[in-house]
Amino acid sequence: PQTTVHIPSSIWSEMTDFQHQYWAFKKVNFDTLIFAKLGKFYEMYCLDAEVGHRVLNLNFTHGGTDPNRPKQMLCVGVPQASLEGVVSKL
């Protein structure tokens, strides 16, 4: 399985601080689904969001495909109170 990813410096320089943190971790854990805790929600991003949507039936929370918001990452989320039930489906 793929376990690393290269992010060109031109793309890296356009990312937000959160995206830097996310991709610094994700690029060495590419074969692992990552839930990021934000407030009372756990969220999955990019390819993980696609898996969360397809496999766990989670709804996309905001569009990573909006051309007017190029820094927005594809995302699905689950309330903290529901996380255990969602993770048990994996």
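Residues are numbered from 1 along each chain as its sequence is written, and side-chain values use heavy atoms, with hydrogens and water left out. Because the model is predicted, local features need pLDDT of at least 70 and side-chain atom pairs count only at pLDDT 80 or more, while totals for chains, interfaces and linings use all residues.

The structure holds 0 disulfides, a disulfide being a pair of cysteine sulfur atoms within 2.5 Å. The sulfur of Cys46 lies 9.1 Å from the closest cysteine sulfur, that of Cys75, which is too far for a bond.

Two residues count as buried (under 20% relative accessible area; exposed is over 50%, partly exposed in between; 1.4 Å probe, protein chains only), as the table lists.

| Residue | Relative accessibility |
|---|---|
| Cys75 | 0% |
| Asp48 | 4% |

Helices (H or I, at least four residues) and strands (E, at least two) are DSSP runs numbered from the N terminus. Strand β2 (residues 41-45) pairs with β4 in the antiparallel sense over 5 bridges; pairing requires at least two DSSP bridges between the strands. Tyr42 has Val78 in β4 as its bridge partner.

Asp48 sits in helix α3 (residues 46-56). Leaving aside residues up to four places away in sequence, Asp48 touches Tyr22, Lys26, Thr32, Leu33 and Ile34, where contact means heavy atoms within 4.5 Å. With Lys26, Asp48 makes a side chain to side chain polar contact of 2.9 Å. A polar contact is a pair of N or O atoms within 3.5 Å; within protein, one must be able to donate a hydrogen and the other to accept it, and residues adjacent in sequence count only if both atoms are side-chain atoms.
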